[in-house]
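Have the sequence and the 3D view open, and try each task before you look at its solution.

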Amino acid sequence: MLFSDVLVSQELKQLLINTVRNQRVSHAQLFSAQPGTHALGLAIAYAQYINCSHRTDADACGVCPSCVKYRNLAHPDLYFFFPNALTARVKKDNESASFYQEWREICKETNALFSLDDWSEKLDIANKQPAINTNDISRILEAQIAKPYEAEYKVFIIWMAEKISSKMGEKLLKCLEEPDGKTLFILISENNDQLLPTIISRLQLVKINKPNTEDFVEIVSRKLSCSRDEAIDIASLTDNNLSDALNRKERETTEQHHFGRFVSMMRSAYRIYYFKDPEKVIFPETVALIKELETLGRERQKSFLRYALVLTRKCILSNCNASSLVKSSSEEAAWLANFHPFINIRNGEAVMNALNEAITNVEQNVHAGILFTDLILILGQLIRSGDERLQ
Ligand SMILES: [Zn+2]
């Protein structure tokens with residue numbers, strides 16, 4: 001990965017280039033990234049630049065033996081650690097190294113710009129929440145004391161470092177305190193408040209912010225070969241999230257599925273209120289929906305609930321004569337036109353709270369069948385309490 005392929009500001013690239021030119025490369029750095037930014041790409045480009053034997057003032061050469069190995073993410077002194085879990089293929093003792101093939105594939109497919117949801121889908125890990133586990137930490141401790149094979153710097157890139165448990169974080173702390181030779185740790189995190197404060201205090205902070213709308217529009221219109229107006233729409237739909245925008249095709253399919261589920265969930269909730277008879281509460285469609293949601297896997301369940309939050313916000317805005325703020329696909333817009341009165345200022349906040357609580361419950365491994373049944377029952381009550389005709 002060259003700096004020229006990385007979708008962050010030139011100032012940020014220059015800042016990192018200067019650390020190399022001034023021989024002030026800090027051995028442990030925290031790339032504190034806003035969601036959807038090209039932090040992983042930047043970390044790889046930085047490591048490649050440091051180890052390039054013919055680097056220029058602007059970039060790595062791209063052709064020296066080190067650069068060639070970096071391009072294939074196959075340099076023996078480049079280590080990746082990332083959240084992982086047991087899968088259909090890896091049935092025990094999972095660690096990052098078990099998934100290097102999938103990791104190289106997704107990095108290649110997306111130019112190293114993807115979300116944790118994308119990665120969980122790639123691993124197809126159903127209901128498990130991926131984590132950086134004890135095997136990974138042991139591997140880091142081992143590799144850290146070993147001599148580099150050939151590079152000047154051994155590089156450890158730890159992606160989504162917030163997925164290290166605090167117990168494991170304490171073990172890692174030792175490495176960060178006592179670096180061995182020319183070792184570079186780059187931890188990438190989107191949620192610093194989930195990292196141990198003692199870890200954060202050991203790391204040089206590099207902030208990676210979302211591009212401003214002007215830069216975002218330039219990048220997206222170039223990468224997707226779309227018009228400026230289209231790119232402005234995408235900026236507003238994705239909240240300047242580059243990963244979402246550039247993987248938009250897949251995202252659109254996912255959103256279509258989520259939309260179908262959301263409609264079905266609200267129809268189920270509405271019927272509960274409408275029929276009022278507990279004997280008739282659970283309809284075949286509701287049962288099918290709950291079964292489908294159960295099989296989604298936790299990351300996709302959360303992604304569905306986050307999508308439900310977005311549609312809830314759209315309903316509330318439509319009720320406040322703020323439809324101009326609502327960007328929707330034509331399918332969503334047609335449905336919202338009829339449905340939006342049911343989620344309004346009387347019950348909107350409570351609906352959002354219920355969805356947020358469901359996200360927390362997914363994270364805490366509450367049984368999905370119970371969780372989504374409860375959610376539908378609560379939504380039914382809330383739709384009823386928000387109905388103006390019953391006030
Ligand atoms: Zn090179």
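Below are two exercises, each with a worked solution.

This is a predicted model, in which local features need pLDDT of at least 70, side-chain atom pairs count only at pLDDT 80 or more, and totals for chains, interfaces and linings use all residues. Residues are numbered from 1 along each chain as its sequence is written.

**Exercise 1.** Find the order of the strands in the open sheet, and then its edge strands.

*Solution.* 
- Step 1: β2 (78-81) and β5 (204-208) each pair on one side only, so they are the edge strands.
- Step 2: Look at β1 (residues 28-33), which is joined to β5 by 5 bridges. Phe31, for instance, has Val206 in β5 as its bridge partner.

**Exercise 2.** Work out which elements give two or more residues to the side of domain 2 that touches domain 3.

*Solution.* 
- Step 1: Domain 1 spans 3-209, domain 2 spans 211-246 and domain 3 spans 247-390; such bounds come from an automatic or database domain assignment.
- Step 2: Contact (C-beta atoms, placed from the backbone, within 7 Å) takes 8 residues from domain 2 and 4 residues from domain 3.
- Step 3: The elements on the domain 2 side are α10 (228-238) and α11 (242-246), helices being DSSP H or I runs of at least four residues.

Technical notes. Two residues are in contact if their C-beta atoms, placed from the backbone, lie within 7 Å. Two strands pair if DSSP finds at least two bridges between them.
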